[in-house]
Amino acid sequence: MTPHKSPKEALEFLLAHGAVRYAESGHVTHLPCSLVPWKGDPDFVAETEALTPLYSDLYHRVAQDDDFLHTELDKARRADEFIERLFQAKAKESGPKPSLYLNRNDCMPALQEDGTVWPKQVEMNLMASALGEASSVVYRMHRFVGQHTGVGLKQNYAGRGLAQALADGYRAIGGSGIILLLIPVGEVSVFDQRITETRLVEEHGLKTLRASLEELGEEGELRDGDLYFRGHLVSIAYFRTGYAPTHYRSEAAWQARNLIEESSAVSVPSARTQLANTKLIQLVLADKAVLERFVSPSDAERLARSCVAFTKLDSPYTSPDGETMLGREHALAHPDRWVLKPHREGGGNNFFGEDLVRRLKEMDPSESEAYILMEKIGQSVFESVRMVEGEAIPCRCVTELGFYGTAFYPGPQESPTFNRADGYLLRTKDESMDEGLVLGGFSFLDTIELDQ
Ligand code: ADP
Ligand code: MG
């Protein structure tokens with residue numbers, strides 16, 4: 001597809017349908033997006049999609065396994081107050097509850113030694129998986145702008161699917177209260193959430209409210225085991241915040257977390273799910289033998305194929321060329337082969353290349369438990385054109401594809417009522433960028449072009 005000479009049509013589509021964000025000035029501007037869809041490898045796309053329900057199921061089982069969580073996170077909880085507080089919240093659980101998931105399985109098209117491309121997972125997001133609505137708008141924009149070209153695009157109604165999952169979960173638990181969206185103070189990614197909320201009200205006939213964690217902590221109350229907020233029964237608490245320590249600005253925020261666990265409200269996600277979503281658990285799961293504890297041998301093999309190497313800083317690690325050293329020594333010897341990550345769920349705090357070396361060298365030994373090392377995923381660079389602030393900018397890029405996975409389990413050991421992959425976030429970024437936050441303008445929303 002040839003990029004449009006003027007991005008005006010694309011720009012107006014995004015503004016008309018709400019793929020927007022607050023700029024620093026406080027004005028509203030469009031989200032960065034591509035002007036040409038990405039010609040993805042079809043096998044990579046199909047496998048990334050197929051892996052998504054398998055990962056949702058895996059993480060559900062991991063989250064229900066108390067022994068596993070306690071064993072694997074025992075050291076971390078002693079060194080890290082955030083993890084400890086999540087365990088404390090989990091301990092408030094009133095009893096077994098249904099589980100509802102709105103996940104996203106982020107993978108990169110990793111270049112294999114034989115020249116083929118295969119998905120390698122960057123991370124599974126089980127909390128606050130954002131940009132579903134905005135991704136759908138970008139897909140629709142590409143379809144509209146390219147309507148006369150005959151180019152086929154991979155359908156993307158991620159936003160609709162996320163709202164549908166909340167509504168289906170609500171019906172499955174026999175909900176009669178509200179869906180409470182928990183949002184950060186000063187949220188910038190607000191428009192995506194606004195569309196979700198509108199769908200819940202208009203398309204599904206549900207009632208919603210928004211609150212910060214502090215507000216819920218201060219004003220929430222338990223009545224006969226049910227959670228009430230400003231007089232409304234809360235059936236589902238849907239977190240769009242709460243994954244980083246900075247989101248808990250006072251004790252009231254933790255009080256909110258505890259109240260939800262203690263009540264009948266279904267938490268998306270629960271504290272136990274958030275514990276399962278730490279990078280430390282991702283590290284442990286990147287091993288076929290461990291995967292077999294939770295899933296069938298054939299699924300374990302398939303999942304393991306999507307994992308890259310991980311190591312702790314102070315654990316011995318043997319590289320594919322047979323060299324055994326501590327993880328940190330491997331990373332110092334080959335900084336471009338590794339990514340240094342905080343052991344809990346993130347928010348753009350990773351270290352690459354020279355920064356990784358600097359961070360490792362200045363690190364106090366007591367801090368080493370707070371990080372893990374993940375093999376850096378290599379991929380082929382391709383040409384694209386991104387639109388930022390209405391301007392078309394050609395760039396050489398790499399990309400990351402995440403299918404949204406939604407699932408509902410009536411009880412801890414029961415089979416899912418639904419477990420589906422529905423829509424995707426394709427986040428393309430300039431090859432010079434290590435991380436890619438869409439709101440920063442270097443990474444941008446993109447759409448998959450299908451072979452005709
Ligand atoms: P967060 O929890 O902050 O989203 P991620 O693990 O998703 O953390 O990492 C953030 C970004 O860093 C990813 O979107 C990707 O662009 C880059 N990244 C993370 N891990 C790798 C990796 N192993 N190889 C290459 N890039 C990576
Ligand atoms: Mg991520």
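Helices (H or I, at least four residues) and strands (E, at least two) are DSSP runs, numbered from the N terminus. With that in hand, here is a tour of the model.

This is a predicted model: local features need pLDDT of at least 70, side-chain atom pairs count only at pLDDT 80 or more, and totals for chains, interfaces and linings use all residues. Residues are numbered from 1 along each chain as its sequence is written, chains are lettered from A and ligands numbered from 1 in the order in which they are written, and side-chain values use heavy atoms, with hydrogens and water left out.

**Two backbone points**

Most residues other than glycine have a negative phi, and most peptide bonds are trans. Ala128 is not a glycine, yet its phi is positive, about 55°. Ala128 sits in the loop between β6 (117–125) and α5 (132–145). Val268 and Pro269 are joined by a cis peptide bond, with omega about 0°. Pro269 belongs to the loop between β13 (266–268) and α10 (271–276).

**Helix packing**

Two packed helices are described by the angle between their axes and the distance between the axes. Axes are lines fitted to C-alpha atoms, for helices over the stretch in contact, and angles run from 0 to 180 degrees between N-to-C directions.

| Helix pair | Angle | Axis distance |
|---|---|---|
| α3 (residues 66–79) and α4 (residues 81–90) | about 140° | 7 Å |
| α4 and α9 (residues 251–262) | about 35° | 8 Å |
| α6 (residues 158–172) and α7 (residues 190–202) | about 50° | 9 Å |

Take α3 and α4 to begin. Their angle makes them oblique to each other. Angles under 35 degrees count as roughly parallel, over 145 as roughly antiparallel, 65 to 115 as roughly perpendicular and the rest as oblique. Their crossing is left-handed, meaning that the near helix is turned anticlockwise from the far one by less than a right angle; clockwise would be right-handed. Contact here means heavy atoms within 4.5 Å. On the α3 side, the contact includes Leu69, His70 and Leu73; on the α4 side, it includes Ile83 and Phe87.

Helix α4 also packs against α9. Among the residues in that contact are Phe82 and Leu86 of α4, with Trp254 and Arg257 of α9.

The α6 and α7 pair is also oblique, and its crossing is right-handed. Gly159, Arg160, Ala163, Leu166 and Ala167 of α6 touch Thr196, Arg199 and Leu200 of α7.

**Around ligand 1**

There are 20 residues around ligand 1, and Glu123, Lys341, Gly348, Glu400 and Lys429 come nearest. A residue counts as near when one of its heavy atoms lies within 4 Å.

Which side chain has an N or O atom 2.6 Å from an oxygen atom of ligand 1? That side chain belongs to Lys341. Asn350 places a polar side-chain atom 2.9 Å from an oxygen atom of ligand 1. Ile377 uses its backbone: a polar atom there is 2.8 Å from a nitrogen atom of ligand 1.

How values were computed
A polar contact is a pair of N or O atoms within 3.5 Å; within protein, one must be able to donate a hydrogen and the other to accept it, and residues adjacent in sequence count only if both atoms are side-chain atoms.
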